[in-house]
Amino acid sequence: CFTGIPFDGGLRCLCWKILLNYLPLEKALWSSLLKKQRDLYSQFLKEMIIQPGIAKANLGVSREDVTLEDHPLNPNPDSRWNTYFKDNEVLLQIDKDVRRLYPDMAFFQRPTDYPCLLILDPQNEFETLRKRVEQTTLKSQTVARNRSGVTNVSSPLKTPPNSLSEYEVLPNGCEAHWEVVERILFIYAKLNPGIAYVQGMNEIVGPLYYTFATDPNSEWKEHAEADTFFCFTNLMAEIRDNFIKSLDDSQCGIIYKMEKVYSTLKEKDVELYLKLQEQNIKPQFFAFRWLTLLLSQEFLLPDVIRIWDSLFADDKRFDFLLLVCCAMLTLIRDQLLEGDFTLNMRLLQDYPISDVHLILKKAKELQDSK
């Protein structure tokens, strides 16, 4: 796996499930375990999306049902309404992020072959996540978002549509892949209130879901949502400390890891290390994103997936990521040694080398030279 998993026959999907500790090594246990986990996921959907949706739909119908105990203005923190509004804040953030997933690829905007029947049952009038967002997103928010210049930040080619109306609305009974990702992140946030949802998690779940949802084996592909949810949960258990601000300075936090990139670089290429120090280019300026998002923002999706083969197969769990970051620096050392602060920052924030095999080969050399 470390040297790259072939896509044929769904091999990568299977290997990732094993490497992320979702499937045990004992093959005989697979089918019973998968059934159990997928049933559990259906249960989460019923409790966290369907029931609140039904309650909301019912409350809108009958006035006399609304008692003081469960009135939308009831200040009691235990009120179901209070939870509903709190959830909406998280949901709006998730929604904004998942709609922007890989804007240069059509995949996430396309309808899935396996829409969630539990949720899209035409008999149900209840509120789905998408309806919730559409009802909660006021026009003023859309205006504010446009005014704040979000649209001017990325290149014109990559500018994602910035209002709900610009998205192609799929016919009833269909849902886009980004809606599935939204549901996975919403359920994760509900089950992990300590961390909930932090921006960037969408970039971690995206490649996992894409890999499982394009599995050539249709029997597995059909369950891409549940399988992605559990693999994402396991992966987050290993890297969640990067997302928790209060742990930044601890040994498991992101600052420690960023410093580690520089100390490794100092060992491998002291001249380059000194140059970056002299220009006061701190690792937080670029390595924060590289490490937190496992390089998912630096390369095209197929290349990210190839890098993740090596990261997931790494015995020491993401130690290899530090070496990949070092390799990325040493491969552009000549440009960095010649460049000034501005030029070098541009290089590091928009990394120029796109051949990930070259980077992985270099990282492996660094690993072997220890």
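**Salt bridges around Arg333 and beyond**

In this predicted model, Arg333 and Asp269 form a salt bridge, with their closest N and O atoms 2.6 Å apart.

Student: What makes the contact between Arg333 and Asp269 a salt bridge?

Tutor: The cut-off is within 4 Å for a side-chain nitrogen of Lys or Arg and a carboxyl oxygen of Asp or Glu. The closest N and O atoms here are 2.6 Å apart, so the pair qualifies. The two partners are 64 residues apart, with Arg333 in helix α17 and Asp269 in the loop between α12 and α13.

Student: Which helices does the pair of Arg333 and Glu271 tie together?

Tutor: Arg333 also forms a salt bridge with Glu271, at 3.1 Å between the closest N and O atoms. Arg333 lies in helix α17 and Glu271 in helix α13, so parts 62 residues apart in sequence are tied together.

Student: How do you know that Lys361 and Glu365 form a salt bridge?

Tutor: Their closest N and O atoms are 3.9 Å apart, which is within 4 Å, so the pair counts. Both residues lie in helix α19, 4 residues apart, about one turn of the helix.

Student: Why is Lys361 called exposed?

Tutor: Exposed means over 50%, and Lys361 has 54% relative accessibility, so Lys361 counts as exposed. Glu365, with 40%, is partly exposed.

How values were computed: Residues are numbered from 1 along each chain as its sequence is written. This is a predicted model: local features need pLDDT of at least 70, side-chain atom pairs count only at pLDDT 80 or more; totals for chains, interfaces and linings use all residues. Side-chain values use heavy atoms; hydrogens and water are left out. Helices (H or I, at least four residues) and strands (E, at least two) are DSSP runs, numbered from the N terminus. Buried means under 20% relative accessible area, exposed over 50%, partly exposed in between (1.4 Å probe, protein chains only).
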